[in-house]
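Dear colleague,

Please find below the structure that I promised to hand over, followed by my notes on what was found in it.

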Amino acid sequence: MARKELLHVLRDPTTLFVALFIPVLQLVLLGYAIDTNVRHIRTAVLDEARTQESRALVRSFENTGDFDVAVLAADEEELHRALVSGRARVGIRIPEDWSRRLLSGDPAPFLLLVDGSESAVAGQALGTANAVALRESLARLLGDRPLPVEVRPRVLFNPDTRSANFFVPGLMVVLTQIMAVMLTATSVVREKEQGTLEQLAMTPARPGEIVAGKAIPYLFLAVGEFCAIAAIMVGVFRVPIHGSFGTLLLVALPFVTAMLAVGLLVSTLAATREGAMQMAMGTVIPSIFLSGYVFPLDSMPAPFRALGYCLPTTWLIDASRGVILRGAGWAELWPNAAVLSGMAALVLLLAALRFPRSAA
Amino acid sequence: MTPALEARGATVRFGRFTAVDGASLSVGRGEVFGLLGPNGSGKTTLIRALCGLVPLAAGEASVLGEDARRRPERIRQSIGYMSQKFSLYPDLTAGENMEFYAGIYGLGPAEARERREELEALVGLGPYADRRAGRLSGGWKQRLALACALLHRPRLVFLDEPTAGIDPVARREVWNLLFRLSADGITLFVTTHYMDEAERCDRLGYIYMGRMLALGRPADLRALPGVTPPGTRRIKVKGEDASALLASIRGRPGVREATIYGQSLRALVDEGVGPADLGLDPSRVRPAEADIEDAFISLSRAEEARRAAERAP
């Protein structure tokens, strides 16, 4: 059974394509394209003061690297237009009396307009702008004296805060999931469509044997893919693995099992391959959004966070980042493995209960 | 000797729908039994129930002496099954499909090779063994499916519409194969829609809306009293334009049924009705015998009338 299934995979170019090429493509696209670190925000400046100090302020914005002055506005209307049209995400307006107030020691406010339509950009702009203002203020108050309180930041585990380091370990998990669910579901549904499942039902082979025969090659494929993505991650994206990859594989095994079972479950519900594909994608989407793969779980409302913790993906992504970035070992990760094993058992049980009935 | 297959009052229900309603039949060893009936009448369901794939709601069934309800896996080990649509793996070669099923039936490597060679020779598949099953023509597909169903030397083979959609030459060859199997003592349980195939069976069963309406040899079924009721006779009319003839006699008093067969028209008419009453040239009218199709149509009509009477008390 397992050998035959392997032959199927080799004979079916579509499956091979889905199995091998698409994950690699996604990996490259997502790995290279996504950068959550916001840099070079296009900025429009309306400098009504036109003094040495106001120019210094604009320069100190530019020096952060977060702001690029893209528009020099002549009046208020032009500043607005720049923001509305999207040519600039941030507008800085320095009033005419700014330098005078600054030099005389009065509070010297300037206006910062932020386009809130992209929350990541807006957040970054606000944070940096506040930091710039604070630094200018302190410099004025303290002169050459050292700062009374100083942050000495050290970012652990991902010192350059590179996005690839954050994404690729999660991506590995999501891609393995897509592959495992999709391949299993379509492979069983294909047998349904071809009527071969009915033929098999007429043989002495038990449903359990049929399922095991189907699942084993895909288990190897999925684990193989997991390893391949890890290799690409280290080789192409230069994300070092700090922990033991063996440990990660050990945690991944129940995850892959759970995903194969999800695939089986989908196959009991879908009548056609297209339906199975769609349903499989349906199970993948919440995993992408609620697993902490893209958006941090900690910032989600409690019910969604709870939902996120019900997804196997969440636990493996956590483990994957743990091993790859933080060098976590079995001591830290055994709860993940335990939870995943529990989930795998549960889904397998569900699939096993549904499978014989849908075959008959 | 126990019959190869036996069912008494076998009933299968899916929810409130009764798919097979108290079917009883018995098939002797080495017999070619044909099960006929319209689509959706319960033929496939009955086969599945006999193999223990769907549970019997009532009644009992046994195949080769094993109870379908208690020992379905024993039954499946000793039967072959070939389904109405081609259900092998199109992306595997003919040989690989056979290897796979040999594995599923638990044949050892030596036995698998031996059986494969025997069956390739029997069905004449040799030159196509390395061709992908999906690329075979309809007739070869069916021969391959038959070979796969025979790998484990089953003593009874279920063939669910084995010749649906294949050309007449291939159809005849498949039947020749079936008769060779039957001569070797293998019991064949065949469903079909083809009346000429029905005539080739040793015995027939006719199932309609889940009920087994008739059982017997083809000649017995043609001679059933309900087929040509007392006071009626069957006639054959030759004519240039059969469809014009049909239009002209349909609906006339005394005409029970009329249908076209190629260049001629066949009708069931009341005894007293002569060619003149139908506006026909007497020299063209010949008496005719009922065929199997006539038998089944009469049986279906009678059952429909019975059901209608039941519904309207």
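Is Arg50(A) buried or exposed? Arg50(A) is exposed, its relative accessible area being 59%, where exposed stands for over 50%, buried for under 20% and partly exposed for what lies in between, with a 1.4 Å probe and protein chains only.

Before going on, please note that this is a predicted model, in which local features need pLDDT of at least 70 and side-chain atom pairs count only at pLDDT 80 or more, while totals for chains, interfaces and linings use all residues. Residues are numbered from 1 along each chain as its sequence is written, chains are lettered from A and ligands numbered from 1 in the order in which they are written, and side-chain values use heavy atoms, with hydrogens and water left out.

Arg50(A) sits in the loop between β1 (41–47) and α3 (52–63) of chain A, helices (H or I, at least four residues) and strands (E, at least two) being DSSP runs numbered from the N terminus. Its phi is positive, near 50°, in a residue other than glycine. In chain B, Met209(B) likewise has a positive phi, of about 50°, although it is not a glycine; Met209(B) is found in the loop between β9 (203–208) and β10 (211–216), and is partly exposed, with a relative accessible area of 42%.

Helix α1 (residues 43–50) of chain B is mostly covered, since eight of its eight residues are buried, among them Lys43(B) and Arg48(B). Gly52(B), with a positive phi near 80°, follows α1(B).

The second largest pocket has a volume of about 370 Å³, the volume being the space filled by probe spheres set on grid points that are joined across faces, edges and corners. A pocket here is an open set of points on a 1 Å grid over the protein atoms alone, where a 1.4 Å probe fits, with protein on both sides within 12 Å along at least five of seven lines, and lining residues have an atom within 4 Å of a point. Of the 16 residues that line the second largest pocket, the closest to its centre are Leu102(A), Ala108(A), Glu136(A), Ser137(A) and Arg140(A). At least two lining residues come from each of α3, α5 (98–104) and α6 (119–142) of chain A, and α6(A) gives the largest share, five residues.

With best regards
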